[in-house]
Amino acid sequence: MSIKGMVYLSDLEISHDGNYVMHIVCTANSRLYQARIYDVTSGNVLHCPETEVHVHEASFTEDAAFFLLGLMDGSLQLYDITSGLLLFSLRAHSGAIHRIFTSETVNVVMTTAGGLDSKDRSVRLWKISDQRISPLTVFTPDAKISSLVFTFGGRAVAMEITDIVTFQLVDQDTFVSCDVTHSNDAIRGSFVVDLKEL
């Protein structure tokens, strides 16, 4: 979709406190996909961080204190919502960050790269503390994941897979490994693993 010289790459995302709205746009002037954060009360653009590469995904943290940008080069960036300042940046994936999942755990986020055809199939979990992003765990499935989301207050991960997936999940600082197997390779199965029950 294009309006007044802008091409919209993403749907609108609203922060959990309802104060901010964010989406990714490309303007004729910049020719670069950038995230724009709006103040809901005034309707004005609050932040439009300058990046050297395209922004592919963006998300607010649960407490709306920060927002995260996933770039085409695999970088994951953490910004302060009040000042708009870049607090931390790291190379999270070898390919473009496809999705950023935030959880009700507030300080835990999950990222995936590319799409179904990406060479980087890893799912990575990160912890946000002291204005930094640090790795918690990573799992690379034996088969492609077609759907993935946090659920149950951030204590579990729900996924739809094609056959067998070996993975690690995290609940705060506790790591749990488990195998999920579907008996029929031709049928995609949906699985929910609740860490509280393990």
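Strands β8 and β9 (residues 75-80) pair in the antiparallel sense over five bridges, where strands are DSSP runs of E of at least two residues, numbered from the N terminus, and two strands pair if DSSP finds at least two bridges between them. The model is predicted, and for this reason local features need a pLDDT of at least 70 and side-chain atom pairs count only at pLDDT 80 or more, whereas totals for chains, interfaces and linings use all residues. Residues are numbered from 1 along each chain as its sequence is written, and side-chain values use heavy atoms, with hydrogens and water left out.

**Strand β8 and its partners**

- In the pairing of β8 with β9, L68 stands opposite L78, and the hairpin that these strands form has three residues between them, with G74 at a positive phi near 90°.
- On the side of strand β7 (residues 55-60), five bridges join β7 to β8 in an antiparallel arrangement, and E57 stands opposite G70.
- β7 and β8 also form a hairpin, with five residues between the strands.
- Six of the six residues of β8 (residues 66-71) are buried, so the strand is largely enclosed by the rest of the structure; buried means under 20% relative accessible area, exposed over 50%, and partly exposed in between, with a 1.4 Å probe and protein chains only.
- In a regular strand the side chains alternate between the two faces of the sheet.
- Both faces of β8 are covered, with F66, L68 and G70 buried on one side and F67, L69 and L71 buried on the other.

**Aromatic pairs**

- A search of the whole structure finds two aromatic pairs, a pair being rings of Phe, Tyr and Trp (its six-membered ring) with centres within 6.5 Å, and planes under 30 degrees apart counting as stacked, over 60 as edge-to-face and the rest as tilted.
- One of them joins F67 and Y79, whose ring centres are 4.9 Å apart with planes at 5°, so the pair is stacked.
- Because F67 lies in β8 and Y79 in β9, this pair ties together parts that are 12 residues apart in sequence.
- F67 is buried at 0% relative accessibility, and Y79 is buried at 3%.

- Most residues other than glycine have a negative phi, and most peptide bonds are trans.
- A64, in the loop between β7 and β8, has a positive phi near 60°, and this residue is buried, with a relative accessible area of 4%.
- D130, in the loop between β13 (123-129) and β14 (132-139), has a positive phi near 55°, and this residue is exposed, with a relative accessible area of 73%.

**Cysteines**

- The count of disulfides comes to zero, a disulfide being a pair of cysteine sulfur atoms within 2.5 Å.
- C26 is buried at a relative accessible area of 13%, while C48 counts as partly exposed at 29%.

**Confidence**

- The chain averages a pLDDT of 77, and 66% of the residues score at least 70, where pLDDT is the predictor's confidence in each residue, from 0 to 100.
- Confidence in the chain is lowest in strand β1 (residues 2-3), at a mean of 45, and highest in β9, at 97.
- Over residues 164-168 the pLDDT stays under 50, and the model has 30 contacts for them beyond four places in sequence, a contact meaning heavy atoms within 4.5 Å.
- Residues 177-198 also have a pLDDT below 50, with 61 contacts in the model beyond near neighbours in sequence.
- Where pLDDT is low, the predicted coordinates should not be read in detail.

Technical notes
Helices (H or I, at least four residues) and strands (E, at least two) are DSSP runs, numbered from the N terminus.
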